[in-house]
Amino acid sequence: MSEHANGSAAMARESRRKLPNIAELMRPSGRGMQVTLITIVAVAIAVGLSMILVSATGGSPIDAAKALYTGSVADVAAWSETLKAAAPLLLVALGACISNRAGVFNIGQEGQLLLGAAAGAYVALHLALPGPIVVLLSLLAGAAAGGIWSGASAVMNYTRGVNIVVSTLLMSFIAIQVVSFSVSVPWLLQAPRASADSIASPESAQLPEAVRLMGFGQYPNLEIGGGLVIALILTIVLAVLLGRSRWGFRLNMLGLNPMAARHAGVRASYLGGSALFLSGAFAGLAGAVILSGSVFRLQPALSNNFGWDGLLVALIARSRPIAAIPVALLFGALRSGSSFLASTGVPNYLVDVVQSLLVLAFVVPPVLARVRSRGRAEATTPPSEPVPAATTEPEKVTA
């Protein structure tokens, strides 16, 4: 074996000894039964802690559970709100699945989502074209804006070595200021004043009816938005591409072992950069969907933590697009049900605490299973034989 191969094998062994990073935690794991059992126990502990916290704040866990149920899935109207909230969460999670499979951890979805909404609002308010064409262009503009914003972090990383986690996070704060500026100046996106004496509010004009995202299959009190249909179609397409295509295979190889991927001819800068671009594009599309599907007006608080929650959805789903569907529904139900918690005297911020506990309940078990497997492997591995020390005594010469 050549020295180069020996060096690569040694580096691979060394990388396996390291603790898993955040991107590794989000990749699919094969320890099925063990992880499932630990997850059940962890979720039970998370639910128990949530009940204790609700009781500690003076509320009733039973009333809080009833309120969450009433606001999320009790009737078709509640289901409509849950599905409406789940669509952008699922879109953001799909983008996070792509970037994480490539080993690049994008945490700037909040800003990319906002910029996508701003680009979609600009197109929807300034283009004089037929409604369906404007809606399509608005969604594409949102995706392009989010992708370009995250692509800037990829350029900084692969040309100057800037850390992607840090750059995407800081770029998110810049995006928030950019959107706040865009709705504060009349020549860009700020809505015109109602009268000369009125004070202009920092928001855009409302989207006309003709350029709003239509729903599919509206039934009595049940509204299935177009954003959810788009998200489900993209989920199926992405699941097939990640699992069956050459692009998905190369993406997984780059994320699992960048050195082996480079030896196999994978251009890490191109593939990793495009993955980060697509991650931002999905977040930008989510922003455009929120704008044209439910809010209809650009506001600085439009993102409403959809970017962070979508990232948590991908974290729990372990970068599996199909698994992200039920997780997005769960988070959507928590969002829609949290508005009913106020009637029980429980503060809304406890919903964020419950979400955090659930995230920990789903993230910690794979780590514990991995640590246990590594401990068993080291316990069963026989110790290596000591290498005899070289002697410095001269050999005796016999006559």
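Is helix H13 mostly covered or mostly uncovered, and how many of its 12 residues are buried? H13 is mostly covered, with 10 of its 12 residues buried; buried means under 20% relative accessible area, exposed over 50%, and partly exposed in between, with a 1.4 Å probe and protein chains only.

This is a predicted model, in which local features need pLDDT of at least 70, side-chain atom pairs count only at pLDDT 80 or more, and totals for chains, interfaces and linings use all residues. Residues are numbered from 1 along each chain as its sequence is written, and side-chain values use heavy atoms, with hydrogens and water left out.

**First stop: helix H13**

Select residues 306-317, which form H13. Helices are DSSP runs (H or I, at least four residues), numbered from the N terminus, as are strands (E, at least two). From its first C-alpha to its last, H13 reaches 16 Å, close to the 16 Å expected at 1.5 Å a residue; the expected span is 1.5 Å times one less than the number of residues. Among the buried residues of H13 are Phe-306, Asp-309, Leu-311 and Val-313. Next, select Arg-318, which follows H13 and has a positive phi, near 55°.

**Second stop: the nonpolar cores**

A nonpolar core is a set of buried Ala, Val, Leu, Ile, Met, Phe, Trp, Tyr and Cys residues joined through side-chain atoms within 4.5 Å. Select Leu-298, Leu-302 and Val-313, which touch the most other members of the largest such core, a set of 71 residues. Helix H12 (residues 268-295) gives the most to this core, with 12 residues. Apart from it lies another core, of 9 residues, including Ala-67, Leu-334, Val-346 and Leu-358.

Select Thr-235 in helix H9 (residues 226-244). Thr-235 counts as buried because its relative accessibility is 0%. Its side chain reaches the backbone oxygen of Ala-231 at 2.6 Å. Leaving out residues up to four places away in sequence, Thr-235 touches Leu-90, Leu-94, Pro-321, Ile-322 and Ile-325; contact means heavy atoms within 4.5 Å.

**Last stop: Pro-366**

Select Pro-366 in helix H15 (residues 349-380). Pro-366 has 2% relative accessibility and therefore counts as buried. Neighbours within four places in sequence aside, Pro-366 is in contact with Val-35 and Arg-318. Arg-318 is the residue that follows H13.

Definitions and conventions:
Polar contact = N/O pair within 3.5 Å; in protein donor to acceptor, adjacent residues only side chain to side chain.
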